[in-house]
Amino acid sequence: MFDYLVVGAGFAGSVLAERLASQLDKRVLIVDRRPHIGGNMYDHHDDAGILVHKYGPHIFHTNSRDVFDYLSQFTAWRSYEHRVLASVDGQLVPIPINLDTVNRLYGLRLSGPELVEFFAARAEVRTPARTSEDVVVGKVGRELYEKFFRGYTRKQWGLDPSELDASVTARVPTRTNRDDRYFTDTYQAMPRHGYTRLFERLLAHPNISVMLNTDFHAIDGVIPYRTLIYSGPIDAFFDYRYGKLPYRSLEFRFETLDRPVAQPVGTVNYPNEHPYTRITEFKYLTGQEHAKTSIVSEIPRAEGDPYYPVPRPENATLYRRYKALADQTAAVHFVGRLATYQYYNMDQVVAQALKTFRDIAARETVAIVPRSNATEADLARSGTPPSVDDTTAAGARIRSTVRCRTVAGDTRPSGEGDE
Ligand code: FAD
Ligand code: UDP
């Protein structure tokens, strides 16, 4: 009997598995239907030996010291500040829009204060900014909105920005200085040895068993457990009882080029041309040195793996109905980007998982205190796993980093087709 069954080996599931095993001494089984751990963060070396991200470029950034310190127990870091150029009017110019973007696009020599006036003269009054169009047009005016945001957003989401919540384009700020970093968070770094290594260390605790190539629905009712942590799509969990929640998908096209550098920065955005939205060159992110280089382009799709919840009012309303069901479902915790239908970055998902753990631990305090005399705060502070006296009796232990057999009889090797 497992204490916890965790569905999904991305950050939501893996962080909870790690905390439950190391801090509460729980027996945890984590399952993922994919042939690898790491969720969307999974990275691997391609045929040329270049480290690539299978599900699109993942750049870690956070303002949360707690999140950064927590993950630092499982990885060393490489400092990396992401820079993005947008292909607009035949030029590559910085995005987020900044002083250099406007000066280069219009052949001007504005100062910062002059750019404030430039924007003010063009911005339309859009208060409150309810949609993704309002946010941008309300700050920089219609022309820059059309050059940088309208086409990209229509491609990415299959919707006009006026049909999407303000929060979507509000992710990309506007600047009146020359800062050309995509993010300004306090901590900006990549796991030095990659995300997959980080996840291997997260899940290395002897109380944790991993099953890959395993859909939750195939084992539910077969493998006994007490409590469920679910990080898959929430509508699927409830058999789409109220209908499907829209998730946007992507097709990733990888290419290895026979030259050391492909483009001037980590990512180039293509708001107005090509079916893809952006091209990312991995060596910028990872710092790897190699005679060749690998890139990925992202082509938005309506069908496929669910990658993005689609933030708009009717979807929020439908999600709330599923959330009400989730709240009534005993012994199940819904965590992560798909299960809580939130457009979360990695750090937000880690923070959400740590919060869920604290809530679980608070409820289990009575059970913890006699074991170690530790207070909950001590446990939360401690990064050291408590000693585990029985590491071998977990019955169905399946260490599946090389090969796993699922209860559904699927014997595909883990990582097949990926390495
Ligand atoms: P996931 O990583 O999606 O993990 C969920 C796991 O559950 C999956 O592995 C899935 O296979 C498994 N699963 C689902 N249903 C079942 C089932 N029924 N049975 C078994 N397993 C199941 N964030 C950043 O901070 N920085 C970035 O640069 C960044 N770039 C991104 C680029 C792209 C293209 C995308 C799509 C996302 C990006 N993100 C980025 C967001 C990041 O991917 C998410 O925040 C993160 O993946 C959320 O983790 P999670 O554990 O909630 O979900
Ligand atoms: N966006 C845009 N043009 C850009 C960059 C972003 O229109 O050059 C919009 C688009 O709607 C995108 C959203 O802003 O989906 C958020 O961008 P971000 O780079 O954060 O997207 P993600 O990395 O999550 O795919």
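Helix 6 (142-157) and helix 7 (166-169) each supply at least two residues of the shell around ligand 2. Helices here are DSSP runs of H or I with at least four residues, strands are runs of E with at least two, and both are numbered from the N terminus. Helix 6 gives the largest share of this shell, 5 residues. The shell is counted by a distance rule: a residue is near a molecule or strand if its C-beta atom, placed from the backbone, lies within 6 Å of it. Of the 13 residues around ligand 2, those that come nearest are F149, Y152, T153, R171 and N269. By class, the shell around ligand 2 has 8 nonpolar, 4 polar and 1 charged residues. Ala, Val, Leu, Ile, Met, Phe, Trp, Tyr, Cys and Pro count as nonpolar, Asp, Glu, Lys and Arg as charged, and the others, Gly among them, as polar.

The model is predicted: local features need pLDDT of at least 70, side-chain atom pairs count only at pLDDT 80 or more, and totals for chains, interfaces and linings use all residues. Residues are numbered from 1 along each chain as its sequence is written, while chains are lettered from A and ligands numbered from 1 in the order in which they are written.

Ligand 1 is surrounded by 34 residues, and the closest are G8, G10, G39, G232 and G336. Helix 1, helix 9 (216-219) and helix 13 each supply at least two residues of the shell around ligand 1. That shell divides into 16 nonpolar, 12 polar and 6 charged residues.

The chain as a whole has 15 helices and 17 strands. Of its 419 residues, 40% count as buried. A residue is buried if 20 or more other C-beta atoms lie within 10 Å of its own, exposed if 12 or fewer, and partly exposed in between, with C-beta atoms placed from the backbone. Two residues are in contact if their C-beta atoms, placed from the backbone, lie within 7 Å. Among contacts in the chain with a separation of 6 or more, 73% are between residues 24 or more positions apart.

One such part of the chain can be followed from T62, which belongs to strand 5 (residues 61-62). T62 counts as buried because it has 21 C-beta neighbours inside 10 Å. Its C-alpha atom is separated by 5.3 Å from that of Y187, although T62 and Y187 are 125 residues apart along the chain. Leaving aside neighbours within four places in sequence, T62 is in contact with V67, F68, D185, Y187 and D347.

Two packed helices are described by the angle between their axes and the distance between the axes. The axes of helix 2 (residues 65-72) and helix 13 (residues 346-363) come within 10 Å and cross at roughly 85°. Axes are lines fitted to C-alpha atoms, for helices over the stretch in contact, and angles run from 0 to 180 degrees between N-to-C directions. Helix 2 and helix 13 are therefore roughly perpendicular to each other; angles under 35 degrees count as roughly parallel, over 145 as roughly antiparallel, 65 to 115 as roughly perpendicular and the rest as oblique. In this contact, D66, V67, Y70 and L71 of helix 2 meet D347, V350, A351 and L354 of helix 13. The contact has 6 nonpolar, no polar and 2 charged residues.

Helix 8 (residues 195-202) has the buried residues Y195, T196, L198, F199 and L202. They lie on the same side of helix 8, because they cover an arc of only 155° around the axis. They pack against helix 1 (11-24), strand 3 (43-45) and strand 9 (187-191).

Some backbone details remain. Most residues other than glycine have a negative phi, and most peptide bonds are trans. A cis peptide bond joins I95 and P96, with omega about 0°. D25, a residue other than glycine, has a positive phi near 60°.

Key: The arc is that of the directions from the helix axis to the C-beta atoms.
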